[in-house]
Amino acid sequence: MAIVIFFLGLIFGSFANVIILRLNTGESLIFKDSRCFFCSQKLQWFELIPVASFLVLRGRCRSCKSRISWQYPAVEFASGFLFLLIYVSTTTPINIWSLGLATAFFWLLLVISVYDIRHKIIPNSLVYLVVAIAFLSLIVGQQLAQNLISGIALFSFFAFLWWVSKGQWMGFGDAKLALAIGIFLGWPLSLVGVLVSFWVGALFGLVLIFLRRLHLKTHVPFGPFLSIGALTAFLWGERIIEWYLSLL
Ligand SMILES: [Zn+2]
């Protein structure tokens, strides 16, 4: 079963690449052939198999031998791994609704993160979908008030950062994303998620400074860090809290 879930994740990873590439470009997400960027050669079915095609073709177009971006297999693999991780961490007996919602939630966070890195913006259509899934999980999870308050608290905090920095530290898209994460994780996992995202973000900033890649004008999108924080809190939040309390 785990292998089936992993392959399903790979296929959704392929679809994630299509969304990341085409959303808001006016191109159809479904009714359009995949083509090589350089020679416009239409890709055959065997060139569209997640990860495997990239490896077999050694990262090059079959007709013109141009390099294919490693983003494609990376996103496909990340998606497969994500599906597997959430499936494995689900406690038995498996509730198909919570498993499905959690998988959809974090798959969308993956799409948003890569989209944010590439285009420096979080698309409204995707973030509203994440908020909708978070609301659906309220119905399944039955912790209505607590999770709603967590969502509003997280949203207010990030909206405040966006407002005082005039959009320099955070985008307003990050605040909407934080709303979804707060509702989905509830309390106290939301707090763990936000703290982890700031720690990972700070660590990443230090690495950039060390590599002398960080300039004053560098805009580092925060969406990926929020997503990493949320996933960490979802998978290991309880254990992180236990560990932290044992230190006190
Ligand atoms: Zn080509």
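Is tyrosine 87 buried or exposed?

The model is a predicted one. Within it, tyrosine 87 belongs to helix 3. Its relative accessible area is 19%; because the cut-off for a buried residue is under 20%, tyrosine 87 is classed as buried.

When neighbours within four places in sequence are set aside, the contacts of tyrosine 87 are Met1, Ala2, Ile5, Ile94 and Leu99. One of these, Ile5, is itself among the buried residues of helix 1. Tyrosine 87 and leucine 248 are separated by 161 residues in sequence, and their C-alpha atoms are 33 Å apart in space.

## The zinc site

Four cysteines coordinate the zinc ion through their SG atoms, namely Cys36, Cys39, Cys61 and Cys64, at 2.3 Å. The angles subtended by the four donor atoms run from 105 to 116 degrees, and the arrangement is therefore tetrahedral. For comparison, the ideal angle for four tetrahedral donors is 109.5 degrees.

Along the chain, the donors of the zinc ion follow the spacing C-x2-C-x21-C-x2-C. Distant parts of the chain are linked in this way: cysteine 36 lies in the loop between helix 1 (2–22) and helix 2 (52–56), while cysteine 61, 25 residues apart from it, lies in the loop between helix 2 and helix 3 (71–89). Cysteine 36 and cysteine 61 are both buried.

## Helix 1

Helix 1 consists of 21 residues, and the distance from its first C-alpha to its last is 30 Å, close to the 30 Å expected at 1.5 Å a residue. Its buried residues include Ile5, Phe6, Leu10, Val18, Ile19 and Ile20. Gly9, Gly13, Ala16, Asn17 and Arg22 are also buried.

The cover over the buried residues of helix 1 includes helix 3, helix 4 (96–119) and helix 5 (124–141). Just after helix 1, asparagine 24 adopts a positive phi of about 65 degrees.

## Helices 6 and 8

Helix 8 (residues 189–210) has 22 residues, which should span 32 Å at 1.5 Å a residue; the end C-alpha atoms are 31 Å apart, in agreement with that value. Among the buried residues of helix 8 are Leu189, Val192, Val194, Val196 and Leu208, together with the glycines Gly193, Gly201 and Gly205. Packing against these buried residues are helix 6 (144–164), helix 7 (172–185) and helix 9 (223–247). Just after helix 8, arginine 212 has a positive phi of about 55 degrees.

Asparagine 147 is part of helix 6. Its relative accessibility is 7%, so asparagine 147 counts as buried. Beyond neighbours within four places in sequence, asparagine 147 is in contact with Leu138, Gly182, Ile183, Phe184, Leu185 and Gly186.

## The two domains

The protein chain is divided into domain 1 (1–89) and domain 2 (122–248), with 27 Å between their C-alpha centres. Seven residues from domain 1 and six residues from domain 2 take part in the contact.

About 460 Å² is buried between domain 1 and domain 2, and carbon and sulfur atoms give 86% of this area. On the side of domain 1, Leu23, Leu85 and Ile86 supply 58% of the area buried against domain 2, more than any other three residues.

## Backbone geometry in the loops

Most residues other than glycine have a negative phi, and most peptide bonds are trans.

Valine 51, in the loop between helix 1 and helix 2, is not a glycine and yet has a positive phi of about 60 degrees. With a relative accessible area of 18%, valine 51 is buried. Lysine 166 lies in the loop between helix 6 and helix 7 and, although not a glycine, has a positive phi of about 50 degrees. The relative accessibility of lysine 166 is 73%, so this residue counts as exposed. In the loop between helix 7 and helix 8 lies proline 188; the peptide bond from tryptophan 187 to proline 188 is cis, with omega near 5 degrees.

How values were computed
Residues are numbered from 1 along each chain as its sequence is written. This is a predicted model: local features need pLDDT of at least 70, side-chain atom pairs count only at pLDDT 80 or more; totals for chains, interfaces and linings use all residues. Side-chain values use heavy atoms; hydrogens and water are left out. Donors are N, O and S atoms within 2.8 Å of the metal (3.2 Å for Na, K and Ca); water is not among the atoms, so sites may look incomplete. Four donors count as tetrahedral if all angles lie between 85 and 135 degrees; four count as square planar and six as octahedral if opposite donors are over 155 degrees apart and all others between 65 and 115; anything else is irregular. Helices (H or I, at least four residues) and strands (E, at least two) are DSSP runs, numbered from the N terminus. Buried means under 20% relative accessible area, exposed over 50%, partly exposed in between (1.4 Å probe, protein chains only). The expected span of a helix is 1.5 Å times one less than its number of residues. Contact means heavy atoms within 4.5 Å. Domain bounds come from an automatic or database domain assignment. Buried area is the accessible area (1.4 Å probe) that two parts lose on being put together, summed over both.
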